[in-house]
Amino acid sequence: MKLKHITRAIMAISICAGIAPAHAAEVEVLHYWTAGGEARSAAELKKIMESKGVSWKDFAVAGGGGENAMTALKARVIAGSAPTAAQIKGPSIQEWGNEGVLANIDAAANEGKWDAVLPKVVSGIMKYKGHYVAAPINVHRVNWLWVNPEVLKKAGATAPTNFDEFFAAADKIKKAGLIAVAHGGQPWQDATVFESVVLGVGGAEFYKKAIVQLDTASLTSPTMIKAFDTLAKIKTYIDKDAAGRDWNLATAMVINGKAGMQFMGDWAKGEFTAAGKQPGKDFLCLAAPGTDKAFTFNIDSLAMFNVKGADQQKAQLTLANAVMSPEFQEVFNLNKGSIPARAGVSRAKFDSCALKSMDDMDATSKSGGLVPSFAHGMAIDSAKAGAIQDVIAKFMNSNMTSQAATQALAKAAKAK
Ligand code: BGC
């Protein structure tokens, strides 16, 4: 049979059987949402796309913080087969833009009036050279402390608001025979704790000078030494099995009452929610010690890659529209633990932690307390962020002094 005939035959079969033709619209989406709450959230986007007649090809790469996913993405782009979209954030969007591989999605942005419904701090990140190349999904707050109130009660401890109170509570939890701090020894989790400690010890202005502007004097200052001393003390409350532990397993320790507290962004809330737990009753979401007046933001977004063919381009714009729809931003973020990135989403179904996050984001955007999360790729370029993360991980896993750590930090801040 000639090729022409085979094609015709296949088409006939497809039509008879109601099978989608080979060119059916499809989006392939790279992400790393594989933990319980994350997977529930991603499933909602898949559902919406399928309801629009676009099939979803899942390109999920497990690994919190997304390091594995970024390695997989690089390999695909180098091989010339980029996915339709990938979960890329912050300054990395500019780095991918510089490679010339991102797609212009202004058509969706104009139709949806994105400039009007997005805060400037969000829309600025989504554009490359003035054009939208990414669609924002949410705002995660990173400077949280997740607490099991039952554990506090058992230990006779109270919810901490600053580091003195935090260590007092941690001592009591330890004495009660429980783990005070649930943690997973992975570099990105170490960095997550570190940035909350810097914020709590030094305040938002110090955080900006040190972590965002990478000012050498701040990086090597007595305040930074105090931050490392605080981190060293936190280490003593982490159990011996923490090495390599995934973040969601650390959250599970707080959920199950094995541990009392965890420093983690509010994707942790997605785990509490997926386990049927209620904020204020089964768990507490507290600002990390000393950071009540500040907000480290981490905005998830899907960056769009150049795709071939009108069908695929159309499907990509459908994806961008879906991501920005109020319906999606509501349901995704209810599951994910984050808050919508856009205006115009009802607050009605969000819990007290999310409402606090919304209000605090608003207040800190006026007070100057709103700062980008370094540990989650929002503050500085990936080379410097990687080098700094290595220093923190080394500090967490050795007897490095705080003094030496600040010197190493200043050196890492110059990485290219
Ligand atoms: C991402 C979240 C994700 C978390 C754990 C963060 O960097 O922004 O969406 O849930 O990492 O993987």
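The exercises below concern helix packing and sheets in a predicted model.

**Exercise 1.** Determine the sense of pairing for E1 with E2 and for E3 with E13.

*Solution.* 
Step 1. Six bridges link strand E1 (residues 26-31) and strand E2 (residues 55-60), and the sense is parallel. Here Val29 is opposite Asp58 of E2.
Step 2. Strand E3 (residues 85-87) and strand E13 (residues 301-304) run antiparallel and are joined by three bridges. Ala86 has Ala303 in E13 as its bridge partner.
Step 3. Helix H2 (residues 36-51) forms a β-α-β unit with E1 and E2, and this unit is right-handed.

**Exercise 2.** Classify the packing of H2 against H16 as parallel, antiparallel, perpendicular or oblique.

*Solution.* 
Step 1. Two packed helices are described by the angle between their axes and the distance between the axes.
Step 2. The axes of H2 and helix H16 (residues 326-336) cross at roughly 165° and come within 7 Å.
Step 3. Angles over 145 degrees count as roughly antiparallel, and H2 and H16 are therefore roughly antiparallel to each other. Their crossing is right-handed.
Step 4. Residues of H2 in the contact include Gly37, Ser41 and Leu45, while those of H16 include Phe328 and Phe332. By class, this contact of H2 with H16 has six nonpolar, three polar and four charged residues.

**Exercise 3.** Describe how H12 packs against H9 and against H18.

*Solution.* 
Step 1. The axes of helix H9 (residues 163-175) and helix H12 (residues 222-235) are 11 Å apart, at an angle of about 15°. That makes the two helices, H9 and H12, roughly parallel. The crossing of H9 and H12 is left-handed.
Step 2. Phe163, Phe166 and Phe167 of H9 meet Thr230, Lys233 and Ile234 of H12. The residues in this contact of H9 with H12 are four nonpolar, one polar and one charged.
Step 3. For H12 and helix H18 (residues 382-396), the angle is about 50° and the axes are 10 Å apart. H12 and H18 are therefore oblique to each other, and the crossing is right-handed.
Step 4. Phe228, Leu231, Ala232 and Lys235 of H12 make this contact with Ile392, Phe395 and Met396 of H18. The contact of H12 with H18 has six nonpolar residues, no polar ones and one charged.

**Exercise 4.** Work out the arrangement of the four-strand open sheet and name a helix that lies across E12 and E15.

*Solution.* 
Step 1. The order is E14-E7-E12-E15, with mixed pairing.
Step 2. Strand E14 (339-340) and strand E15 (370-372) are at the edges with a single partner strand each, so one side of each is left without a neighbour in the sheet.
Step 3. Two bridges pair strand E7 (residues 138-141) with E14 in the antiparallel sense. Asn138 is opposite Pro340 of E14.
Step 4. Helix H10 (residues 187-212) lies across strand E12 (295-298) and E15, at about 80° to E15.

Key
Residues numbered from 1 in each chain as written. Predicted model: local features only at pLDDT ≥ 70, side-chain atom pairs only at ≥ 80, totals over all residues. Heavy atoms only, no water. Axes fitted to C-alpha atoms, helices over the stretch in contact; angles between N-to-C directions. Parallel < 35°, antiparallel > 145°, perpendicular 65-115°, else oblique. Left-handed = near helix turned anticlockwise from the far one by under 90°. Contact = heavy atoms within 4.5 Å. Nonpolar A, V, L, I, M, F, W, Y, C, P; charged D, E, K, R; others polar. Pairing = 2+ DSSP bridges. Right-handed = clockwise from strand over helix to strand, strands pointing away.
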